[in-house]
Amino acid sequence: MNEIRVIHAGTVPYQDALDWQRQLAADRIAGRLSHDVLLLLEHPSVVTLGRNSHAGNLIEPIGIEVFEVERGGDVTFHGPGQLVGYPILDLSAYRRDLHWYLRTLEQALIDALGVLDIPAERHPGFTGVWTRGKKIASIGIHVKQWVTWHGFALNVTTDLAHFDRIVPCGIPGVVMTSVERETGSGKREPLWNESVAAVVTGFERVFGASIVPSPEGAARPIHASLRTPAVAEPGL
């Protein structure tokens, strides 16, 4: 059985998280990392542009950091109250099929939302997860030598007004929603903890992997060690 080690990292600046997952991916590719990793975290407010992004889909860039990154997809927003997951998986141990991987990520989130009593589904022709005609989770990935990074963003208690800055995922007219809005719950911490637990359960179900929590407090020292220039690997 494959092992996915889950790291609950708290709030991490986007650039730091990007460096972190790139290094984990490089270690996984090189064989220096013997297990898969799922980073679960939040970002301060930021907009990211994927490989297929169009300039016109960034409506209001003033006052927010913008990053161009290697993931697929168009423009998206990350910010407080949004559960961001970065799976660092070696697909050679599962299935070497990017379409399968995208659909499996979607299914993990659909299962997670089911645990939260939110009916969720795919939208034909698009990547991500919808509920009641509104988009609740976005997905954008990058893969090198069958090792994945980037991942998904699930709106839990996100301030949805931030999505007015962009055309989310380049889909005109899309309406964004959140776990908070769909459940009517206003209690952030319990809702956040329930959402995290549901996502972990979803991953365990669909990937058939052994989920191993990272030891308490391990995330920050690991994170700090991966920020040194010596471990940077250009070209990822």
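Trainee: How many aromatic pairs does the structure hold?

Mentor: There are eight aromatic pairs. Rings of Phe, Tyr and Trp (its six-membered ring) pair if their centres lie within 6.5 Å; planes under 30 degrees apart count as stacked, over 60 as edge-to-face and the rest as tilted. Keep in mind that the model is predicted, so local features need pLDDT of at least 70 and side-chain atom pairs pLDDT 80 or more, while totals for chains, interfaces and linings use all residues. Residues are numbered from 1 along each chain as its sequence is written, and side-chain values use heavy atoms, leaving out hydrogens and water.

Trainee: What makes Y14 and F67 an aromatic pair, and of which kind?

Mentor: Their centres are 5.0 Å apart, with 45° between the planes. Y14 sits in helix α1 (residues 14-30) and F67 in strand β4, so the pair ties together parts 53 residues apart in sequence. Helices here are DSSP runs of H or I with at least four residues, and strands are runs of E with at least two, numbered from the N terminus.

Trainee: Are Y14 and F67 buried or exposed, and how do you know?

Mentor: Buried means under 20% relative accessible area, exposed over 50%, and partly exposed in between (1.4 Å probe, protein chains only). Y14 has 5%, so it is buried, and F67 at 13% is buried too.

Trainee: And why do Y101 and F207 count as a pair, and of which kind?

Mentor: Their ring centres are 6.3 Å apart, within the limit of 6.5 Å, and their planes stand at 50°, so this pair is tilted. Y101 belongs to helix α2 and F207 to helix α4, so parts 106 residues apart in sequence are tied together. Y101 has 0% relative accessibility, which makes it buried, and F207 with 6% is buried as well. Both belong to an aromatic cluster together with Y94, W100, F152 and F203.

Trainee: Which residues have the most contacts inside the largest nonpolar core?

Mentor: L154, V179 and F207, in a core of 37 residues. Such a core is a set of buried Ala, Val, Leu, Ile, Met, Phe, Trp, Tyr and Cys residues joined through side-chain atoms within 4.5 Å. Apart from this core lies another, of 22 residues, including I7, A25, V46 and V84.

Trainee: What makes D97 a cap of α2?

Mentor: One of its side-chain oxygens lies 3.0 Å from the backbone nitrogen of H99, at the N-terminal end of the helix.

Trainee: Why is the link between E182 and T177 called a polar contact?

Mentor: A polar contact is a pair of N or O atoms within 3.5 Å; within protein, one must be able to donate a hydrogen and the other to accept it, and residues adjacent in sequence count only if both atoms are side-chain atoms. The side chains of E182 and T177 meet at 2.6 Å, so the distance is within the limit. E182 is buried, at 15%.

Trainee: What makes β3 and β4 paired strands?

Mentor: Strands pair if DSSP finds at least two bridges between them. β3 and β4 (residues 65-68) have four, in the parallel sense, and T48 stands opposite F67.
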